[in-house]
Amino acid sequence: MNLEIKEYYNNLASSYDINRFENSYGKFIDSQERLFLSNCLKNINSNQILDLGCGTGRLLEFANYGVDFSQNMLEISKSKFPEKEILEGTVTSIPFTNNSLDCIFCFHVIMHLDNETTTGFLSETHEKLANNGRLIFDFPSEKRRKLLNFKSENWHGANNYSLDEIKKMTENNWNIKTRQGILFLPIQRFPVLLRPFMLKVDTFLCKTFLKEYASYLVIELQKK
């Protein structure tokens, strides 16, 4: 894992929650991700659930285990959830035995990885999941970025895919169960007071044929 990314998140840890998810924009994304995750997990009757790239523990309430590569992030997540097993690791080196987990979810991580590491992530999670285990993760939408002519200047949020690319990468080892968009409307351009009321509209659009034009895509895979 890139040491520059690790240093970035170690330095950001103390202000991460406030800067990223305590404002109306971050809360909007958080609400959509939580809804998608809740809908997926309600069909999984297991406590063998891992939040991979758990960071400061924003979504750890949905999991029994957490893994991250930033020691400073881990300290914060451990202070929030002292009863949970939270370990240091990476998306290509998960500190659990093979076939031991029933679900792994991973948010706001793939966006920073190159294609080789993403392939390694898919292989590693496949090994750690039990038969028919579920993998849930998000990634920036290639079609949205092409539409807006977006180009990242460094590693931060640089990786993106189309659903067709993900299908090709996963067709041998995974079945696609669910997929939708996250953040279709340019919500940051709307008045803050209107944003909570627009959540249902945005979420609806993210489930239609327009989903690939949302900012992010989130997908649920089942291990073959």
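This is a predicted model: local features need pLDDT of at least 70, side-chain atom pairs count only at pLDDT 80 or more; totals for chains, interfaces and linings use all residues.
1. Residues are numbered from 1 along each chain as its sequence is written, and side-chain values use heavy atoms, with hydrogens and water left out.

2. Start with the largest nonpolar core, which has 32 residues. A nonpolar core here is a set of buried Ala, Val, Leu, Ile, Met, Phe, Trp, Tyr and Cys residues joined through side-chain atoms within 4.5 Å. Buried means under 20% relative accessible area, exposed means over 50%, and partly exposed is in between (1.4 Å probe, protein chains only). Leu37, Leu41, Phe105, Phe107 and Ile136 have the most contacts inside this core. At least two of its residues come from each of α2 (24-41), β4 (101-106) and β7, and α2 gives the most, with six. Helices (H or I, at least four residues) and strands (E, at least two) are DSSP runs, numbered from the N terminus.

3. Beyond its neighbours within four places in sequence, Phe107 is in contact (heavy atoms within 4.5 Å) with Glu33, Leu37, Leu52, Gly53, Arg58, Leu59, Ile136, Asp138 and Val218. There is also a second, separate core of 26 residues, and Val109, Ile110, Trp174 and Leu217 are among them.

4. Now look at helix α3 (residues 71-80), where Met73, Leu74 and Ser77 are buried. They span an arc of only 100 degrees around the axis, so they lie on the same side of α3; the arc is that of the directions from the helix axis to the C-beta atoms. On the face turned away from that buried side you'll find the exposed residues Glu75 and Ser79. The cover over the buried residues of α3 includes α1 (3-21), β2 (65-68) and β3 (85-88).

5. Helix α6 (residues 163-170) has Leu163, Ile166 and Thr170 buried. Their arc around the axis is only 60 degrees, which puts them on the same side of α6. The buried residues of α6 pack against α4 (115-128), β5 (129-140), β6 (174-182) and β7.

6. Leaving aside neighbours within four places in sequence, its contacts include Lys143, Arg144 and Leu217.

7. Cys54 is buried at 5% relative accessible area, and Cys103 is buried at 0%.

8. Finally, the rings. Rings of Phe, Tyr and Trp (its six-membered ring) pair if their centres lie within 6.5 Å, with planes under 30 degrees apart counted as stacked, over 60 as edge-to-face and the rest as tilted. The count is eight aromatic pairs. Tyr8 and Tyr9 have ring centres 5.0 Å apart and planes at 85 degrees, so they are edge-to-face. Ring pairs link Tyr8, Tyr9, Tyr16 and Phe21 into a cluster.
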